[in-house]
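Here is a short briefing on one protein chain. Look at the structure first, then read the points below.

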Amino acid sequence: MHLITFGQTLIPYEIVRSNKRKTVSITVDKDGVKVIAPIDVEIEKIQDVVKNKVTWIRKQLLHFEEINDYRHQRLFLSGEKLPYLGRQYRLKVISNTEITVPNFKFSQGTFFAEVPATLKKEQYRDTLFPLYEDWIKTKAMKYVNNRISRYTTILQITPSTISIKTQEQRWGSCTPGLSYFDQTSGDKDG
């Protein structure tokens, strides 16, 4: 295991040699940093590449730390903050004796969850997380559809499907459709 310094932070990284690689590549995922390099590249050259990309590496690691914090620490209790469009908003949980089905909404910069009075605080996460996730996915679909309609007009290309998913690592992807690429030659249609 190798180390690089970013400010006061030591970042470990693994070097993997490959006879299939022609250039040095860096991947960052939930398991850490991996540098894949051709067999004949000197260690100093690899270290230079990592050094030049240390800011990017740290930024990627912070994204995965946010994901881990998000998954493991929120109990969905009043006062906790939930992410929405790059910001954090406070959650207010209201226990109500008159309801049997919980509900979840966002209003005036605050998330509100109303739960049956019989629900124990230990059950809040299991009950409220799916409601929050559904709410986020609904908002995301509206946002994405709005952006897609804008770029469909500009690019004159329409996606065949759009889906919002809960991802472990990949944040998004896009694959070309057959209407944009000629399937036989791989060249653009025009």
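Val50 touches Ile4, Tyr13, Ile26, Val35 and Ile57, leaving out residues up to four places away in sequence. Touching, or contact, means heavy atoms within 4.5 Å. This is a predicted model: local features need pLDDT of at least 70, side-chain atom pairs count only at pLDDT 80 or more, and totals for chains, interfaces and linings use all residues. Residues are numbered from 1 along each chain as its sequence is written, and side-chain values use heavy atoms, with hydrogens and water left out.

**Overall layout**
- The protein chain holds three helices and eight strands. Helices (H or I, at least four residues) and strands (E, at least two) are DSSP runs, numbered from the N terminus.
- From the N terminus on, the order of elements is β-β-β-β-α-α-β-β-β-β-α.
- Of the 190 residues in the protein chain, 24% are buried. Buried means under 20% relative accessible area, exposed means over 50%, and partly exposed lies in between (1.4 Å probe, protein chains only).
- Take the contacts in the protein chain between residues at least 6 apart in sequence: 34% of them join residues at least 24 apart.
- The protein chain exposes about 14,000 Å², and carbon and sulfur atoms supply 50% of that area. Such areas come from the Shrake-Rupley method with a 1.4 Å probe; for residues, only the protein chains shown count as cover.

**Nonpolar cores**
- A nonpolar core is a set of buried Ala, Val, Leu, Ile, Met, Phe, Trp, Tyr and Cys residues joined through side-chain atoms within 4.5 Å.
- The largest one has 17 residues, and Val33, Val35, Ile46, Val50 and Ile57 touch the most other members.
- At least two residues of this core come from each of β2 (9–18), β3 (25–29), β4 (32–38), α1 (43–52) and α2 (54–73).
- α2 gives the largest share, four residues.
- Another core of 16 residues lies apart from it, with Phe76, Phe104, Leu119 and Phe129 among them.

**Two residues in strands**
- Ser18 is found in strand β2. Ser18 counts as buried because its relative accessible area is 16%.
- The side chain of Ser18 reaches the backbone nitrogen of Lys20 at 3.1 Å.
- Leaving aside neighbours within four places in sequence, Ser18 is in contact with Ile36, Ala37, Pro38 and Ile39.
- Lys34 sits in strand β4. Its relative accessibility is 35%, so Lys34 counts as partly exposed.
- Lys34 and Ile15 are 19 residues apart in sequence, yet their C-alpha atoms are 6.0 Å apart in space.
- Beyond its neighbours within four places in sequence, Lys34 is in contact with Glu14, Val16, Ser25, Ile26 and Thr27.

- Strands β5 (residues 81–84) and β6 (residues 87–96) run antiparallel, joined by four bridges. Two strands pair if DSSP finds at least two bridges between them.
- Lys81 has Arg90 in β6 as its bridge partner.
- Two residues lie between the strands of this hairpin, and Leu85 in the turn has a positive phi of about 50 degrees.
- Leu82 and Tyr84 form the covered face of β5, while Lys81 and Pro83 form the uncovered one.

**Helix α3**
- The 32 residues of α3 (residues 124–155) should span 46 Å at 1.5 Å a residue, and the end C-alpha atoms are 45 Å apart, which agrees. The expected span is 1.5 Å times one less than the number of residues.
- Its buried residues are Tyr124, Leu128, Phe129, Tyr132, Glu133 and Trp135.

Key. A polar contact is a pair of N or O atoms within 3.5 Å; within protein, one must be able to donate a hydrogen and the other to accept it, and residues adjacent in sequence count only if both atoms are side-chain atoms.
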